[in-house]
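Subject: Structure for you to look over

Hello,

Here is the structure I promised to hand over. Please open it first; my notes follow.

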Amino acid sequence: MTVNGWVQIAILCVIVVALTRPLGGYMTRVFAGERTFLSPVLRPIERLVYWCCGVEENHEQHWLTYAVSMLLFSLAGFATLYAWQRLQGVLPFNPQGQSAVEPSSAFNTAVSFVTNTNWQSYEPETTMSYLTQMAGLTVHNFLSAATGIALALALIRGFVRREANGVGNFWVDLTRATLYVLLPISVVIALFYVWQGVPQNLAAYVDATTLEGAKQTIAQGPVASQEAIKILGTNGGGFLNANSAHPYENPTPLSNLVQLLSIFAISAGLTNVLGRMVRDERQGWALFAVMGVLFLAGVTVAYWSEAQGNPAFAAFHVDSAPSALQAGGNMEGKEVRFGPAVSALYATMTTDTSCGCVIAMHDSFLPLGGMVTLVDIELGEVIFGGVGSGLYGILAFAIVAMFVAGLMVGRTPEYLGKKLEAKEVKMTILALLSLPFSILGGAAIATVLPQGLAGIANTGPHGFSEILYAYSSATGNNGSAFAGLSANTWFYNTTLGISMLIGRFVFVIPLLAVAGSLAQKKLGAPSAGTFPTHSPQFVGLLVGVILIMGGLTYFPAVALGPVTEQVAMNQGTLYPGP
């Protein structure tokens, strides 16, 4: 590890903290329906959308109606995106003549982009037409992210409302999240990317002759517009197969910094939205602190691991030490321009959230570095997490933490002024149990069936890690991969698609029930016996609950994968392909 690497990490952290409050304040005004500096331009458009869609802006929805609206909207989005892919061969804006996408791949991709996962088992530049990329994938990058924000707002309102039947209006929340938050910021970022050198055109691919005289086809297209929302909405699916490691998606140090900030920005800001809506910003900063502690722990382990270099190279006298001529460390699967520090930082951030975009190949990380990315996802994507989903995920853990605290002192648990009774705790546990059911169940099935084992690129614990990572990524709606796994098969397209649906909808619907139940309760005033949920003690309790629940649930599987691989590597044992 180097001072330069830590300085880069520190600068990023400072900027994220600085952005949190102003962005949170802006989003709070947007979702409260208050006037913002964009209202003169966007308010007429917002009203037109409501008029065209028959939405009553001031109509409150019961949590069940809110959930049904979300499910029907997602179902319509799935059907539309599936159709785009199957019909793209006869549709315009297809200069490369891409044919219809194979049915199982189209199913997987439609589910993936509707659930904010953006898992890509295909090669984008040789599979998708420009129309599919723009009208299909990019549109759903906006809508799936806006859906996540809307769901988080519904849960926040459950804590804020007093004896109310409604938790907001899904259509209004969806519209405002898209129109006032995601769209304007994405336009600015996309223009910035174009300035930095990211393509934005509808021209056909270019054939070039390399210095060696070989022919190379260089893909291009409307990259910048998709790149902006792919990062900001923590979607992650790249226009190009190499994702953000490709210079057409991420050409400069400045573009890389903007991408890193975009990954955390909205999720960090939503913690401040929570604090403002409950009229105590300390509550939001407490959750921010929990996320920050877990993030710093993960990036420290990942950076340390990747900075060490592979011990298997020692016998060949390979110099892995950093110097003026090289970044040092484990450089397999990494861009020289990023090195171990930024690669470890990016990998940690993209798996802390549901982003899943990459500038280095996670499959090439050393076992402990790869373990960090795996565990980040398996903890529930609550370390800032996806836009919206990170907040409602950590609120689920906060409910469990307060339940544990209540058991320890023999007092009815409460959080943010609301009593947490049997219904809320049961629904929360049901949501949290859906994740290991999908991750561990899916991985178990894939490791015993020939169709699952056929896709791994390595034997032994690393092959198991490839499978475990795939189902963790799909269930966590992350989308990154240990890309040695060949997942574009009927088996993986189908089972991973099911895992994505579980991770998105089976997880969130019980939490909407919690929101509805809490909204109907009175808001209690804090008393002398109330546990302060803005204190360092609460931060420590919540960190402990997240780690203990994750450790007890996933440690056996992680021990069979990256932990065993690390021990074997230290003893000189490596695992080749099958």
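The sulfur of C13 lies 17 Å from the closest cysteine sulfur, in C355, too far for a bond. A disulfide here is a pair of cysteine sulfur atoms within 2.5 Å. For C53, the closest cysteine sulfur is in C52, at 6.3 Å, which is also too far for a bond. The structure holds zero disulfides. C13 is partly exposed, at 23% relative accessibility. C53 is exposed, at 56%. The cut-offs are: buried under 20% relative accessible area, exposed over 50%, partly exposed in between, with a 1.4 Å probe and protein chains only.

A word on the source. This is a predicted model, in which local features need pLDDT of at least 70 and side-chain atom pairs count only at pLDDT 80 or more, while totals for chains, interfaces and linings use all residues. Residues are numbered from 1 along each chain as its sequence is written, and side-chain values use heavy atoms, with hydrogens and water left out.

Next, the helix pair. Helices and strands are DSSP runs numbered from the N terminus: H or I of at least four residues for helices, E of at least two for strands. Two packed helices are described by the angle between their axes and the distance between the axes. Helix α15 covers residues 460-475 and helix α16 covers 490-519; they pack at about 45 degrees, with axes 7 Å apart. That angle makes α15 oblique to α16. Axes are lines fitted to C-alpha atoms, for helices over the stretch in contact, and angles run from 0 to 180 degrees between N-to-C directions. Under 35 degrees counts as roughly parallel, over 145 as roughly antiparallel, 65 to 115 as roughly perpendicular, and the rest as oblique.

Which residues in α15 and α16 meet? From α15 come I467, A470, Y471, A474 and T475. From α16 come F491, Y492, T495, L496, S499, M500 and G503. Contact means heavy atoms within 4.5 Å. By class, this contact of α15 with α16 has eight nonpolar, four polar and no charged residues. Ala, Val, Leu, Ile, Met, Phe, Trp, Tyr, Cys and Pro count as nonpolar, Asp, Glu, Lys and Arg as charged, and the others, Gly among them, as polar.

N477 sits in the loop between α15 and α16. N477 is buried, at 7% relative accessibility. Beyond its neighbours within four places in sequence, N477 contacts T115, N116, T117, S354, M500, G503 and R504. Its C-alpha is 20 Å from that of L240, 237 residues away along the chain.

L523 belongs to the loop between α16 and α17 (536-570). L523 is partly exposed, at 33%. Leaving out neighbours within four places, L523 touches F159, R162, L416, G417 and K418. L523 and A444 are 79 residues apart in sequence and 44 Å apart, C-alpha to C-alpha.

Now the cores. A nonpolar core is a set of buried Ala, Val, Leu, Ile, Met, Phe, Trp, Tyr and Cys residues joined through side-chain atoms within 4.5 Å. The largest one has 151 residues, and I266, Y415 and L542 have the most contacts inside it. Its largest share, 14 residues, comes from α16. L542 touches L287, V290, I394, F397, A398 and A401, not counting residues up to four places away. A second, separate core has eight residues, including V101, A106, Y122 and L137.

L12 is in helix α1 (residues 3-31). L12 is buried, at 2%. Outside four places in sequence, L12 touches L257, L260, L261, L345 and M349. L12 and L345 are 333 residues apart along the chain, yet their C-alpha atoms are separated by 9.7 Å.

Two backbone points to check. Most residues other than glycine have a negative phi. F93 has a positive phi, near 55 degrees. F93 is in the loop between α3 (63-87) and α4 (103-114), and is partly exposed at 43%. F384 also has a positive phi, near 70 degrees. F384 is in the loop between α11 (367-378) and α12 (389-409). Is F384 buried or exposed? F384 is buried, with a relative accessible area of 3%.

Best wishes
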